[in-house]
Amino acid sequence: MNGMSPQLQNQITQYQQVQQQLQNTTAQKMQMQTQLREMQRTVEELGKATGDVYKNVGSLLIKVDDKASLTADLEESIETMEIRVKGLERQETSLREKYEVLQDTINRAMGNAPAPRPAPQSDDEEED
């Protein structure tokens, strides 16, 4: 990075940090979406269950006497997870915008044409 202005070096450092944050946020969002789908399937199956129902508590399976209470707990957890996913989506959008601005700024400062931007990832690509 010799010969570059300190401002450009700083922008490149910021760009790398934002890129890392964006990757982490996207990975975290995808993980939470997977957990959310799993919880939704659990509630569906719980609604179909006719016999005894058990839940994991640590490494134990414990018989559940109140299926309605378990369903309510799961639905509350689903709502919480949905809120977290939406927060991560907002954070991801903000980081992606910052990433693109820094990318364009750096490319202009270095005399390069704008680099192709990564295609936005849709939620449809993550369906099972």
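Being three residues apart in helix α1 (residues 6–48), Lys-48 and Glu-45 are separated by about one helical turn, and their side chains form a salt bridge in which the closest N and O atoms are 3.4 Å apart. A salt bridge here is a side-chain nitrogen of Lys or Arg within 4 Å of a carboxyl oxygen of Asp or Glu. Lys-48 counts as exposed at 57% relative accessibility, while Glu-45 is partly exposed at 47%; buried means under 20% relative accessible area, exposed over 50%, and partly exposed in between, with a 1.4 Å probe and protein chains only.

The model is predicted, so that local features need pLDDT of at least 70 and side-chain atom pairs count only at pLDDT 80 or more, whereas totals for chains, interfaces and linings use all residues. Residues are numbered from 1 along each chain as its sequence is written, and side-chain values use heavy atoms, with hydrogens and water left out.

**Overall architecture**

The protein has two helices and two strands, which follow the pattern α-β-β-α along the sequence; helices (H or I, at least four residues) and strands (E, at least two) are DSSP runs, numbered from the N terminus. Of the 128 residues, 28% are buried. Among contacts (heavy atoms within 4.5 Å) with a separation of 6 or more, residues 24 or more positions apart account for 68%.

**Salt bridges**

| Pair | N to O distance |
|---|---|
| Lys-48 and Glu-45 | 3.4 Å |
| Lys-63 and Asp-52 | 3.6 Å |
| Glu-92 and Arg-96 | 3.6 Å |

The side chains of Lys-63 and Asp-52 meet in a salt bridge that links distant parts of the chain, with Lys-63 in strand β2 (residues 60–64) and Asp-52 in the loop between α1 and β1 (53–57), 11 residues apart. Lys-63 is partly exposed, with a relative accessible area of 42%, and Asp-52 is exposed, at 53%.

**Nonpolar cores and the aromatic pair**

A nonpolar core is a set of buried Ala, Val, Leu, Ile, Met, Phe, Trp, Tyr and Cys residues joined through side-chain atoms within 4.5 Å. The largest has 13 residues, and those with the most contacts inside it are Met-32, Leu-46, Leu-70, Leu-74, Ile-78 and Met-81. The elements that give two or more residues to this core are α1 and α2, and α2 gives the most, with six residues. Leaving aside neighbours within four places in sequence, Leu-74 is in contact with Met-39, Thr-42, Val-43 and Leu-46.

One aromatic pair is found in a search of the whole structure. The rings of Tyr-15 and Tyr-99 have their centres 4.9 Å apart and their planes at 20°, so the pair is stacked; rings of Phe, Tyr and Trp (its six-membered ring) pair if their centres lie within 6.5 Å, and planes under 30 degrees apart count as stacked, over 60 as edge-to-face and the rest as tilted. This pair links distant parts of the chain, Tyr-15 in helix α1 and Tyr-99 in helix α2, 84 residues apart. Tyr-15 is buried, with a relative accessible area of 17%, and Tyr-99 also counts as buried, at 8%.
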